[in-house]
Structures are given as C-alpha cells and as structure tokens.
Amino acid sequence: MNNLKIACMLIAFGWVFTSTLSAQPNILFIESDDQSNQAVGAFGNPFMKTPHIDKLADEGVSFTSAYNMGCWSPAVCVPSRTMLFYGKYLWQSQKINKKNAPKSLPELLKENGFSTYMTGKWHAWGKSPEDIFDSLGSIQPGQLKTYYQEDKHVTDITGDEAVNFIQNYDSEAPFFLYVAFNAPHVPRQTSQKYYDMYPTDEVKLPPSVKEGPLNPNIKYNYSPDPLKSSTMKSRVQQNNAMVTHMDDNIGNIIQALKDKGEYDNTIIVFMSDHGISFGENGVAGKVCLYEPSVTAPLIIKAPGLTSGQSFATRVYLQDVYPTLLDLLDIDIPDHLDFKSLTPVIHKTSTLRPSIYLAMFDDQRAIIKENKKLILYPKSGDMELYDLTRDPWETHNLKDEKGVDSDVKDLMKQLQSWQTWTNDSLDLSNAYNRYLR
Ligand SMILES: [Ca+2]
C-alpha cells in the first residue's frame, strides 16, 4: 500500500471517527437535593409551581416510583450520589474510596468523546470532581451554611454558570453538563416572592401526617417532639419556594440550550438524590424508608424517546447511569450493578422482581407486587403495607389475618437481596418466626 492510500484511509477513518463523535447528542443532567415527588407539579401536586420541570415531563419520560436504595449513614445524599457516579449498589458503593473507585459516569463519557463540566453540589465518595470532569464551575459543599454568597443566591450561581457554559461552548464534541443544585435542601432560604407563592394556610399535608409523637423507630428526626402540623406546613412552604426558585433557573438553562440550537440534540435528565418527609408517618427528615423520603422524581427527555410517557414501574434512581449509556449506544461496563431503563420504556421488562431498601443497621424494606414490608431490627417492629390501596402507608397490615405467608415471602425476597448485595445484617434474632 502506498503512502497516498494510507493517508487517504487515515483521513477517511478520521472523518468517520469524528462524525461518530459529533453525532452523539449532548447531555444536560440536572440533579436537585432532597426533592420528593410531591414537590413536582407533573407528579401529581397541582399546588406546585414547577412549569419547566413539568415541561420536561411532558416532553420526556417520567418515573414516578424511582427509589434511592438507601444509606450507610444518616447523610443520605452521599450514598445516593456515590451510587449514581459509580453505578454500584449500596454496600459496594460504601467500599469506594479514591484509590479503588471504578470508572465514573463522567470519565466514561469523556472516553467516548464528551466534554464534561459540572457546577454545584458535590457530595460523593471516591474521586474528586477535579479528577473526573474536564472543567468545573463553583463547587458547593453538601451542606451550605447559607445560600447567600456575596449577595448572590447559590441556586442562581449554579443556574447562571450552567447558562454561561452553554452560551460559551464552542467545541465540536458533545458535552456532558452536570448541574447539581443544592436546593431545596436546608437551610431553606430564598426570596420572599417565592414564599408568597405558597401561603401556609393553603398548604395541604398528606393523610399520613398526624400531630403527636414522632415515630419512635426513626432515630434521626429533625423536629421537636411532638410533631406539629403548623411546623410541617412552614417547612413545606419553604421547600416549595426553594423548588420554584430552582425551576426558574432550570427554565433559563433550557432557554440557553434553545438559543444555542441544541435543545433537540440534547438528552436532558432531571432527578433528585432522594426525597424528604415533612411529617408523614411521624417523620421529619429523610432517614427512613417511607415513600416520600425514599422516592424522588426522575425524568429523561431524549431524542427518539416517545414524549409524555409516565411509568409507575419501581426502579432505582441510579438506573439512569446505564440508561444514558444505552441511549448513547455505549457498552455498559460489567461492573455496573444498576440496570438500563430502556426495557421499561419499551415495555419489554419490569427489570426486577422487587425493590430492596436499607438504612445502615436501623431499617430494611422490600417491595414486591405492591406489598411493602419495613423492618426495624433493633426494636423488632414490622410494618406491612399494600401500596395500591394505601399509597401513604397509613394502615399497617401486620396483625391482619392471613398475612403471614405474604410476610414470609417478602422476608425470603429480602434475604435474597441481602445475598446479592452483600448485606451482612442479621435479621434472625428479631424476625426468626418468619424466617423458619
Ligand atoms: Ca440530598
């Protein structure tokens, strides 16, 4: 082969390689902090003002039963985000450190030709953002002392930096833009105009919020005992105000994408790391396995996906990592535990027989076919709910006649998950009669 032929082949190969890269869509990945499904208008709360998140739901695919698997300490954000970046289930993610961390999502995208950037909250184990992103905006801590930095609100700093990134982006490579808002996490500070959108006397609390003693099985409750509905209404007001402020910024980011002509060529993900409880089941906080705390919104808008679909199939939030790879036709690495959601979207599979949830050695739960079993091994307490009839988990069925076989079946499923995930918590002392 002469030199000219080789040169022509290299040019041709280079063209094919470059065009494959530039053919990939961009990714805008927006993550909020402690936002429950209740704090999204499109997820069924008509009082929420989230027009831009709702628009993404209209144009994308929503998952209304997306779970955070749990946590290994009361700081729930950390496991959720560590699982998200490395794709490993809870107890494997707990072992991740700077030295042994597997390839993260941004690193894998970078290898596949993406230019990667993040702005906002970082709260994950393993590598630092400097190690895994090409460039960074302002990185915020897991817990802010105040949202006001030199008179600019952190939500606006994060939002504006994302807008600037899009406006100034001038590379041919697709980008991965990770925008991690601290909102609506405490301290819940924002402008009065946002508080005014949610007068406390108009706040409606769910039926599972009862005045009275806090839930004795939940150790980390961030409220004086007894629980007061007036306190919870104020928190909901603050929370919703923070969310609407963030939603305004999401609108700015979307507008920047449209102005750049990249909106239709961008996969957009919106999710939160987990939810939060404002009094539901006697919990003020998020270190519990009740639905308002353990689920969070997940929306994926992508070229080629039928818009406006909503799935109640139970999935994990962190399934989004392999889903993105699937949508981009990038091989999913063997080390990933989470699963691509495309079989759910294409209605070919429900992915898993059940959903396993865990909070250090305090709590375990399993959900199978709408039956949810929650265990508190330290007290030996147990709760059984039918989520179809009782989505707010208000009626514990554990003492009803004929439920023993359900409990045994759920226990068996939970033990299988313990084996799959290397969960060493011994349940036999507290629940021996159901395990025999
Ligand atoms: Ca969080």
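## Ground rules

A residue counts as buried if 20 or more other C-beta atoms lie within 10 Å of its own, as exposed if 12 or fewer do, and as partly exposed in between, with C-beta atoms placed from the backbone. What you're looking at is a predicted model, where local features need pLDDT of at least 70, side-chain atom pairs count only at pLDDT 80 or more, and totals for chains, interfaces and linings use all residues. Residue numbers start from 1 along each chain as its sequence is written.

## The whole protein

Let's start with the overall picture. The protein has 14 helices and 19 strands; these are DSSP runs numbered from the N terminus, with at least four residues (H or I) for a helix and at least two (E) for a strand. Along the principal axes, the C-alpha atoms fill a box of roughly 85 × 55 × 40 Å. Of the 436 residues, 47% count as buried.

After α11 comes aspartate 329, with a positive phi near 60 degrees.

## Leucine 305 in its loop

Now for a single residue. Leucine 305 sits in the loop between β13 (298-301) and β14 (309-311). Leucine 305 is partly exposed because 17 other C-beta atoms lie within 10 Å. Leaving aside residues up to four places away in sequence, leucine 305 touches Gly60, Val61, Ile300 and Ile345. Glutamate 59 is 246 residues away along the chain, yet its C-alpha atom and that of leucine 305 are separated by 9.0 Å.

## A five-stranded sheet

An open sheet of 5 strands runs in the order β4-β16-β17-β18-β19, with mixed pairing; two strands pair if DSSP finds at least two bridges between them. At the edges are β4 (70-71) and β19 (381-386), each pairing on one side only. Helix α13 (residues 404-421) packs on this sheet, touching β16 (355-359), β17 (363-368), β18 and β19, and its direction makes about 110 degrees with that of β17. Axes here are lines fitted to C-alpha atoms, for helices over the stretch in contact, and angles between N-to-C directions run from 0 to 180 degrees.

Strand β18 (residues 371-376) pairs with β19 in the antiparallel sense over 6 bridges. Leucine 375 has methionine 382 in β19 as its bridge partner.

Technical notes. Two residues are in contact if their C-beta atoms, placed from the backbone, lie within 7 Å.
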